[in-house]
Amino acid sequence: MVRLPASVRDTEYLIRFDKSPGPAFWNRKPSVVDQCINVYMQQSSAKLLSPLILHCEPLFLSTSVAPPQDLESYLMRSRLCFQLIPQRNDTLTFEPCPIPRMLAREEVDWDAMEDEMRDTPVFRLSEVERFRDVERGKVYEVDIRGATFAYKMTHRTESLQREISMLRKMEQCSEGGRSLRVPKLEGVIGIGTQYAGILMTYIPSPASLADLMTADNDGEVSIAESQKWYDQIADAVHALHRNGLVWGDVKAANVVIDGVHRDAWLVDFEGGTTPGWVDDSISGTEAGDLQGLSKIRKFLRDMGRIQIGNLVVTSVHIHYFRSENPESTPLPSEYPTAEV
């Protein structure tokens with residue numbers, strides 16, 4: 001097995017193939033592309049890399065470079081797209097190609113951001129002195145002028161508007177002298193680049209509930225700790241509702257546990273929903289928040305009692321475009337109780 005350089009392991013490779021499977025003949029061996037598409041159509045994503053991996057190794061090694069030292073160069077290298085071109089004798093070549101529009105980052109309409117940008121500090125990517133992946137392609141820990149922030153890239157103007165607006169409104173929410181446990185807006189970064197985003201309070205040693213679920217945490221997460229987290233999440237959601245605010249994309253991955261006090265923080269206020277957590281029909285409503293909260297409650301109850309196996313993530317993403325309908329889930333009839 002070839003040991004891939006660090007710069008390859010830090011890169012997301014998008015491999016495009018458009019050829020449909022040819023007719024099946026008893027004496028014709030399916031091509032690599034046929035095998036890939038057939039496996040994909042069978043929804044056997046875990047097997048999809050098997051026919052490709054030997055062909056991809058030369059591509060990985062040929063695109064290996066010294067790890068970039070500045071953030072913008074690192075971000076430019078973080079995602080590469082190639083078109084798979086079948087050749088004779090079942091060989092393949094890979095040609096660089098643009099990232100498909102449905103996967104590309106949308107440029108921010110800064111003219112529409114006038115209200116949100118008022119009194120918001122602005123930073124350049126070149127001001128970042130140090131950086132580290134937190135959630136690849138989305139969230140980074142960055143140091144600017146001696147301070148540490150969470151840098152979250154944005155993908156749409158509307159999402160950025162909602163998140164900035166929510167962060168500002170939540171900063172004003174205080175009950176019993178306590179502020180909501182949510183990040184604070186610290187600024188905007190990367191204007192004029194395809195990597196624009198926001199800077200927020202950095203949550204120390206963060207781990208999402210989803211990460212805790214996929215790690216081997218046997219004996220590390222107690223029922224009492226699960227209860228504490230649920231109480232903190234539920235209190236925060238109810239406080240949002242009392243102030244006329246809605247979280248939106250409620251799910252375990254949008255709850256972060258800090259590594260110092262092991263407290264639960266709510267993150268990601270862009271809006272939208274995730275299939276299996278909140279129904280589209282009640283997205284952006286208090287009822288949607290409550291549906292997601294009830295599922296977090298079940299998740300925490302299960303996590304306090306069972307061990308979940310490890311999740312293996314690869315740096316290669318295969319895209320064959322199709323749409324799927326999100327699963328619908330029942331709406332809870334009332335507020336979940338604090339029992340876990």
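**Close-up views of a predicted model**

View A. Rolling a probe the size of a water molecule over the atoms shows where empty space is left.

**View B. Lining of the second largest cavity.** Which residues line the second largest cavity? Glu106, Glu107 and Val108 do, together with Thr154, Thr193, Gln194 and Ala196. By class, this lining divides into 2 nonpolar, 3 polar and 2 charged residues. Val108 and Ala196 are the nonpolar members. Glu106 and Glu107 are the charged ones. Thr154, Thr193 and Gln194 count as polar.

**View C. The open sheet of 6 strands.** The strand order is E4-E10-E11-E7-E6-E5, and the pairing is mixed. Which strands stand at the edges? Strand E4 (122-123) and strand E5 (128-135) do. Each has a single partner strand, so one side of each is left without a neighbour in the sheet.

View D. Strand E7 covers residues 147-153, and strand E11 covers residues 197-201. The two pair in the antiparallel sense over 5 bridges. Phenylalanine 149 stands opposite threonine 201 in E11. Helix H6 (residues 157-171) lies across E7, E11 and strand E10 (185-189). The direction of H6 runs at about 25° to E11.

**View E. The open sheet of 3 strands.** Here the order is E12-E13-E14, with antiparallel pairing. Strand E12 (207-208) and strand E14 (264-266) are the edge strands. Each has a single partner strand, so one side of each lacks a neighbour in the sheet. Strand E13 (residues 255-257) pairs with E14 over 3 bridges, in the antiparallel sense. Across this pair, isoleucine 257 stands opposite alanine 264 in E14.

View F. Helix H8 has 20 residues, 223-242. From first C-alpha to last, H8 reaches 28 Å, close to the 28 Å expected at 1.5 Å a residue. An α-helix has 3.6 residues a turn, so residues three or four places apart point the same way. Just after H8, glycine 244 takes a positive phi of about 75°.

Notes: Residues are numbered from 1 along each chain as its sequence is written. This is a predicted model: local features need pLDDT of at least 70, side-chain atom pairs count only at pLDDT 80 or more; totals for chains, interfaces and linings use all residues. Side-chain values use heavy atoms; hydrogens and water are left out. Helices (H or I, at least four residues) and strands (E, at least two) are DSSP runs, numbered from the N terminus. The expected span of a helix is 1.5 Å times one less than its number of residues. Two strands pair if DSSP finds at least two bridges between them. On a 1 Å grid over the protein atoms alone, a cavity is a set of points where a 1.4 Å probe fits but cannot get out, and a pocket is an open set with protein on both sides within 12 Å along at least five of seven lines; lining residues have an atom within 4 Å of a point. Contact means heavy atoms within 4.5 Å. Axes are lines fitted to C-alpha atoms, for helices over the stretch in contact, and angles run from 0 to 180 degrees between N-to-C directions.
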